[in-house]
Amino acid sequence: SGLLLITVGFGFNAVQTYSVTNSIESAFAIPTWQSGIVLTAVMAIILFGGIRRLAAVSQVIVPIMVAGYFALAVGILVANISEVPGALALIFKSAFGLEQMVGGGVAAAIMQGARRGLFSNEAGLGTIPNVAATADVQHPISQGLVQSLSVFIDTIVLCTCTALIILLSSAYQPDAINPQGVVLTQLAVAEQLGGWGESLVSVFLVLFATTTIAYNCYLGENSIAYFSNRPAWAIPAFRISVLVMIAWASVQDLGTVFSSSDLTMALLAITNLLALWYLAPVGMKLLRDYESQLRSGVSPGGLQMLLLECPCCGAKCEETELSPGGEAHIKRYGPGSSDQDFEGYLFMRENPKGVHFERWRHVYGCGKWFHAARCTQSLEVFGTYAAQTFEPPQEIKDKISAKRPGWSWRDFS
């Protein structure tokens, strides 16, 4: 939470501020310090009173702006379609040519691409799950696929369109000192559409950046809210610090702004990737459950691998379902009383064919005990049966055998 607070609240906002103030200076000849003051004042109003109204407006404006910029980019590329293949070839040649391989250019291209790619789509940083977690979906993998698609659209589609527009113009000269940042994009668009094109891109950017800064502050405040013992002045102090950062970044150079952002992103990415490594088994279980439902010809819905049916009363519920009192609706029992003891029992004992049997009790229902046959790897439920029955019904045995050829109840008897 601390790294997320610093990266999103300060690092990202500094880059957005730099982009906005320099864009306005290039398009409208307004000094960066003046636009920085105005942006700081506007964000102060939003952060201390208008963020909910901005969110409501952004839901309408942002999709329109994205579609508008994409249409603008596609129009320019179609008008210069004969030159697009050459521009694409230049991109690959400049990154993977023989000269670059010998001179270390490939490593530099990969490093620069990773740094700017992280800022573009934030994949692997751990910032996007804050938003994705608010989505109402039937299965978590469904939202994961949507987030993967957003990375493709953002980086592969939109960023490639922008790169091609720049390479198709004379604004970029390989052996010369070129304008930096968004100014280069504006000049490239202006060359294709005239002066109004530069102003249009600047207006798009101002609206994008304003909503993005507010969104980043929202994530920062959520990070502060994670700390239960936070002082009452923590969030107001954070907002004031963000405003100071905006004012500072408006008069800085590109190298300073991006270097500070790169440092915070690197620290956050390392921390998040370690967490992803730890959570990888959970993710794979969810993916296998999703694919299993697809293979069964059904639309992926709830986590079927966690869905248990009490064979005594017929009630179906997820093992994670909670009662009003805060205790599980159905409760698992095994050696000892803790989940750690039970997992030790599952994964340290001999486990023929990756199938195990769990003991459950329908605590807030009929109160009776039952057994569940499950896949040890994915936790898929093969079936449940009454605890008084020593051997699982033939129906469950057949289902296990279909998924685990060669499995036999004799392995357990």
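Modeller: A residue counts as exposed when its relative accessible area is over 50%, and as buried when that area is under 20%. The structure discussed here is a predicted model.

Colleague: Is alanine 29 buried or exposed?

Modeller: Alanine 29 is found in the loop between α1 (2-28) and α2 (32-79). Its relative accessibility is 64%, and the cut-off is over 50%. Alanine 29 therefore counts as exposed.

Colleague: What is the value of phi at alanine 29?

Modeller: Most residues other than glycine have a negative phi. Alanine 29, a residue other than glycine, has a positive value, near 60°.

Colleague: How is α3 oriented relative to α7, parallel or perpendicular?

Modeller: The axes of helix α3 (residues 84-96) and helix α7 (residues 140-167) come within 10 Å and cross at roughly 105°. Angles from 65 to 115 degrees count as roughly perpendicular. The orientation of α3 to α7 is therefore roughly perpendicular.

Colleague: Which residue in β6 stands opposite phenylalanine 370?

Modeller: Strand β5 (residues 369-375) runs antiparallel to β6, and five bridges join the two. Strand β6 (residues 381-386) is mostly covered, with five of its six residues buried. The residue in β6 that stands opposite phenylalanine 370 is alanine 386.

Terms used:
Residues are numbered from 1 along each chain as its sequence is written. This is a predicted model: local features need pLDDT of at least 70, side-chain atom pairs count only at pLDDT 80 or more; totals for chains, interfaces and linings use all residues. Side-chain values use heavy atoms; hydrogens and water are left out. Helices (H or I, at least four residues) and strands (E, at least two) are DSSP runs, numbered from the N terminus. Buried means under 20% relative accessible area, exposed over 50%, partly exposed in between (1.4 Å probe, protein chains only). Axes are lines fitted to C-alpha atoms, for helices over the stretch in contact, and angles run from 0 to 180 degrees between N-to-C directions. Angles under 35 degrees count as roughly parallel, over 145 as roughly antiparallel, 65 to 115 as roughly perpendicular and the rest as oblique. Two strands pair if DSSP finds at least two bridges between them.
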